[in-house]
Amino acid sequence: MALLPASVMTTLPGELLDMRSFSDRVTRALEDVPVGRSAGLLLVEANRMSQLFRVHGQAALDRAMAELGQRVLACCGRRDLVCRVGQTKFGVFLPDLEHAGKALFAASSIAGRMADPVQIEGLRLFINPKIGVAIAPDDADNALDLIRNAAVALENVRRSGAARYLHYTGAMRESLKARLSLEDELRLAVQNGDFELHYQPKVTLPGGEVVGAEALLRWRHPERDLIPPSTFIQTAEETGLIVPIGEWALREAIRQIRAWLDAGLPPLQIAVNVSERQFRWGHLPALVDVLLQESGIPPHLLLLEITETILPEDLEGALKQIRWIADRGVALALDDFGTGYSSLSYLRELPLDSLKVDRKFVTDMETHQPTRHIVEAIVAMARAMDLKVVAEGVETTAQVDLLSRLGVEEAQGFLFSRPLSPAAFEAFITRPALP
Ligand code: C2E
Ligand code: CA
Ligand code: CA
């Protein structure tokens with residue numbers, strides 16, 4: 001290891017500082033920031049290190065972090081503070097900057113240096129660094145708040161998927177706060193069962209006969225209006241709450257199918273959206289089995305809509321569950337078709353009944369010829385695989401004409417009906433036929 005100038009306070013490569021000690025050092029260093037100058041605090045996370053730890057243990061992790069620490073140091077000046085502040089993190093304090101941009105410049109060069117692979121245990125490990133940046137005195141004037149703000153920025157880098165470093169903004173903290181409270185409210189809603197299913201009719205083309213409906217989740221918030229899933233599904237996915245919520249939706253849809261059968265309504269197939277996480281963390285096959293038995297509904301009246309995101313993660317595990325459910329006679333549709341991976345080899349493995357063409361294609365089809373060709377290709381492929389094609393988001397009669405001509409068998413969209421409460425849906429399907 002190269003000799004470090006005495007002024008660089010560093011704990012590399014061995015010692016691991018807790019955040020409190022790091023913050024004490026930053027507090028002291030802040031006192032020396034010249035008047036009128038800025039200081040930068042960077043939290044640098046070395047991604048994939050926890051995997052290295054799990055596979056090769058602490059010693060390998062420490063060696064890799066030491067090597068990465070040297071690279072961080074190489075990007076810093078003599079008076080900068082570099083510490084390892086966690087198993088997989090570095091804290092960097094830059095005490096004398098002309099302006100905030102210099103901290104981002106440092107972040108950029110650290111990210112660049114860390115992105116070179118690390119040779120460890122015969123592996124070439126790519127690190128994928130992520131850096132949160134906060135500036136004193138603009139973002140905070142004390143160590144604890146600086147660290148917290150850099151952590152907020154780091155969290156945003158993690159979520160962004162693309163960025164390698166971000167400078168903290170007040171808006172980041174606000175959105176984190178909003179997400180936190182959304183998460184709490186959502187947990188409460190799960191406990192209290194504050195959800196509803198609305199039903200959007202699915203009709204045949206070109207005839208317009210109602211053959212089923214898609215059950216769509218709504219959150220009945222105690223103070224706000226009915227909340228659509230776009231507001232909360234992502235949080236539900238991230239927190240795992242989608243598993244109990246999805247379970248509730250399945251239970252409720254099956255209860256509703258039973259109730260409509262008992263009320264003498266014509267048997268309609270009801271589609272329920274299923275999240276990929278329900279396959280990973282839930283007990284979907286067992287649940288479907290129990291609910292089918294308890295309710296005694298004909299299994300083909302239940303349709304599960306899955307998306308392509310199910311496929312790449314634990315493909316075999318998900319496929320086994322999907323086949324098991326399909327073997328019970330439950331129908332299966334691939335949702336948002338064309339927006340994801342669409343690997344044809346996965347497609348062949350799935351016991352599907354239908355493909356749902358995403359709304360984007362339906363919307364663009366009329367004005368954009370390549371899109372129309374895609375829809376044609378989807379229909380041709382579906383026909384070859386003996387699958388039904390359902391178009392989503394149909395809003396105009398021109399779209400109906402075009403889809404019918406292309407051979408699409410079923411459609412769903414505001415043109416026919418918006419999603420309806422159960423009572424409104426009943427009224428919709430029992431309304432007198434038009435003369
Ligand atoms: P999705 O499965 O693609 O559902 C179709 C969405 O398109 C619904 O939005 C529906 O209201 C909307 N839509 C239908 N026809 C039209 C149209 O003609 N024009 C326009 N602009 N939109 C139309 P919604 O109800 O807001 O649901 C959004 C998404 O939330 C769903 O997209 C689905 O991915 C998810 N979701 C809904 N319910 C559940 C659920 O129970 N479980 C899971 N995991 N996800 C759900
Ligand atoms: Ca759907
Ligand atoms: Ca869809």
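**Close-up views of a predicted model**

**View 1. Buried residues of helix α4.** The buried residues of α4 comprise A103, A106, A107, I110, A111 and M114. Viewed down the axis of α4, these residues fall within an arc of 135°, so they line one face of the helix; the arc is that of the directions from the helix axis to the C-beta atoms. Buried denotes under 20% relative accessible area, exposed over 50%, and partly exposed in between (1.4 Å probe, protein chains only). Helix α4 covers residues 101-114, and its 14 residues should span 20 Å at 1.5 Å a residue, which agrees with the 20 Å between its end C-alpha atoms. The expected span is 1.5 Å times one less than the number of residues. Helices (H or I, at least four residues) and strands (E, at least two) are DSSP runs, numbered from the N terminus.

The model is predicted: local features need pLDDT of at least 70 and side-chain atom pairs pLDDT 80 or more, whereas totals for chains, interfaces and linings use all residues. Residues are numbered from 1 along each chain as its sequence is written, chains are lettered from A and ligands numbered from 1 in the order written, and side-chain values use heavy atoms, with hydrogens and water left out.

**View 2. The calcium ion (ligand 2) and its protein donors.** E214 (OE), N273 (OD1), E305 (OE) and D335 (OD) lie 2.1 to 2.3 Å from the calcium ion (ligand 2). Donors are N, O and S atoms within 2.8 Å of the metal (3.2 Å for Na, K and Ca); water is not among the atoms, so sites may look incomplete. Along the chain, the donors follow the spacing E-x58-N-x31-E-x29-D. E214 lies in strand β9 (residues 210-220) and N273 in strand β11 (residues 269-273), so the pair ties together parts that are 59 residues apart in sequence. E214 is buried at 5% relative accessibility, whereas N273 is partly exposed at 30%.

**View 3. The calcium ion (ligand 3) and the bridging residue D335.** D335 bridges the calcium ion (ligand 2) and the calcium ion (ligand 3), which are 3.9 Å apart. D335 is buried, with a relative accessible area of 6%, while D336 is partly exposed at 25% relative accessibility.
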